[in-house]
Amino acid sequence: MGQTQKTSGDTHTKQVSLYLKHLIQNSSSNPSTNDPSWMTAHFLFTQFPGLTDVQSKFEFSNFDHRADLYLYQNDRIIPIHLFSLKKTGSIQPKNPGAKSFLDKYFNLPEAQIQLNSIIDQERERLYRYILDQKNLPHLYLSERDLKKQVSLLQLNQLESKQYRKMILESIRDQCYSILLKLLNTNHTLIFNGFKELSLIEEYKVLSIQDINKSIHVEMQQQTLKSFHNIYLLKKNTSSIYIYIDDFELELRFKFESSLSSSIKLATKLSSSIHLTEQLPQQFESINNQFLNTFEDILDSHTYVPASNNSNAIGRCNEALLIYRFIKKNPSINIVDAEIIHSTFEKHYGNLNSEMLEQLITCSETTYHSLSVFLKERFGEFYTIQQVQLVADSYVSNKLETADVIFTINHKNTYIEIPLSLKALKKRNSMMTLKNPGVGSILSYHYFDIYDDMQLYIARIKEKYQSDLLTRKEVLSIVSHKITEHLKKASQTSLESGLRNMIGTNTSVISFYQQNMCSIHSYLQVKGPVEVQQTSSTTTRLSWMSGQEEIRLRVKFSSGASHGWSSLKLSCERLIK
């Protein structure tokens, strides 16, 4: 809720309380006949006859945790929540903080601690990423100083929107996973949290202004003692939806104001008859539009050559696979259809017609391979509830990265299946697992053996910018430094670092020139691990007597024309 809206709401509450006191005391007052506060007070006075007193929340010390009004009627104390809105608007029952709502409304104190830690980490990564984009130093800044530096930047609206989207989607996804586990184990806690957040059983009095600025006052209050259906879905980039029978509650993560402000939840309650029963039909209708738009984009393909189309191949492969799944399973909820359309439209022009046709054909093969994989894992009794294309995000330095996430309903238990999708020309190709910054590879993120790599790279950068080192020399020196520390590392550190790098997600690999697909469970690391410098810029880590290997290749993130750019490590695996 914006500050102006909050101030307006507080003023409305105070005026309604004052007018209602006058009515209870039979005092004279001459308000405007179209004054929403007076009309609300008069409405309450007639709806609850015999009132003896009224108190606003501002008459209590902890007013932010109170209803707006308390009506006293004989032996009853009746909490009232006030809302002012336009005719087309909807009420936002609560706006809790992201760092408190799991504990307060869902009785999940440990999960709240976990989420708070994630929020803090994501904030710090976001701040460092922003300062990195602005070429501002941040290596030794504390979280407090990072926040201060970012708050001083003059970010344009587009930049601010992009940064908000990056962090809020990540936090939303983490929170969804927490609530999904709760849904699997304790429906009652979800149900109770829904009721408290939605205020569904409390009195909500709405003063509604129509297009002619006439005021209408109405009261909402429903009874929800039990439930038959309950669902949890993600939508767009920052929202979680809880569906219970005829009711829908949106929880949307947002910043209270600037990027340095607290993260809140905006809630919105709506209802319609047989809502949960009609969800599959709703999704089919929405997905039909999704398919039509996707096919329109395909039909308007125009080839625009690019110097490097590897990212375009990967992103189009992901979008095409989701397209196949929706085509075959039209009642799946798509978390954000717009991201799929925009991602595909952004990249498919960089593919020539032959390559695009190969990817389209292979997506059918990949769909069937993945369907068999899911059937072997879950049997006949499963449905795909939702699918999400994970947007490009450079905030989270996650060890577990996924390109697509399926949510599966298996015997009334909901399971998230994160998949790493790869598109290679043919077998016996190198597959990139990750592209982390060189500064993080030896730190706690992966091998946890050397924390000063960023400082070391900063010194190398100074020499490069003073023309004391060439680009080739930079890559070679840094690669040999990585090999040197890895050779000194214990076997435990090597195995742990490789596991962090490989992750535990299932890999789905499409060989688009051969129209083939292979699916790999996560690669297990069993020592001893051997470390070799195989070229001036590449380190090889191998195990199982050389049967498995990962290659770490140092590279600049941009070409020579850009001067110094951040150093990346291409972590590659040979797919046979």
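**View 1. Aromatic pairs in the predicted model.** This structure holds 19 aromatic pairs. The model is predicted.

**View 2. Where Phe 48 and Tyr 203 sit.** Phe 48 lies in the loop between helix H2 (36-47) and strand E1 (51-56). Tyr 203 belongs to strand E4 (residues 203-209). The pair therefore ties together parts that are 155 residues apart in sequence. Phe 48 has 5% relative accessibility and counts as buried. Tyr 203, at 22%, counts as partly exposed.

**View 3. Phe 325 with Tyr 367, an edge-to-face pair.** The two rings are 4.7 Å apart, centre to centre, with 75° between the planes. Phe 325 is in helix H9 (residues 310-328), and Tyr 367 is in helix H11 (residues 353-378). The contact thus ties together parts 42 residues apart in sequence. Phe 325 is buried, with a relative accessible area of 2%. Tyr 367 counts as buried at 10% relative accessibility, because the limit is under 20%.

**View 4. A cluster of rings.** Ring pairs link Phe 290, Phe 294 and Tyr 323 with Phe 344 and Tyr 348. Together these residues form a cluster.

**View 5. Charged ends over rings.** Lys 14 places its charged end over the ring of Phe 58, 4.8 Å from the ring centre. The charged end of Arg 66 sits over the ring of Phe 60. Here the distance to the ring centre is 4.0 Å.

Key:
Residues numbered from 1 in each chain as written. Predicted model: local features only at pLDDT ≥ 70, side-chain atom pairs only at ≥ 80, totals over all residues. Heavy atoms only, no water. Phe/Tyr/Trp six-rings, centres within 6.5 Å; stacked < 30°, edge-to-face > 60°. Helix = DSSP H or I, 4+ residues; strand = E, 2+ residues; numbered from the N terminus. Buried < 20%, exposed > 50% of the residue type's maximum accessible area, 1.4 Å probe, protein only. Lys NZ or Arg CZ within 6 Å of the ring centre and 35° of its normal.
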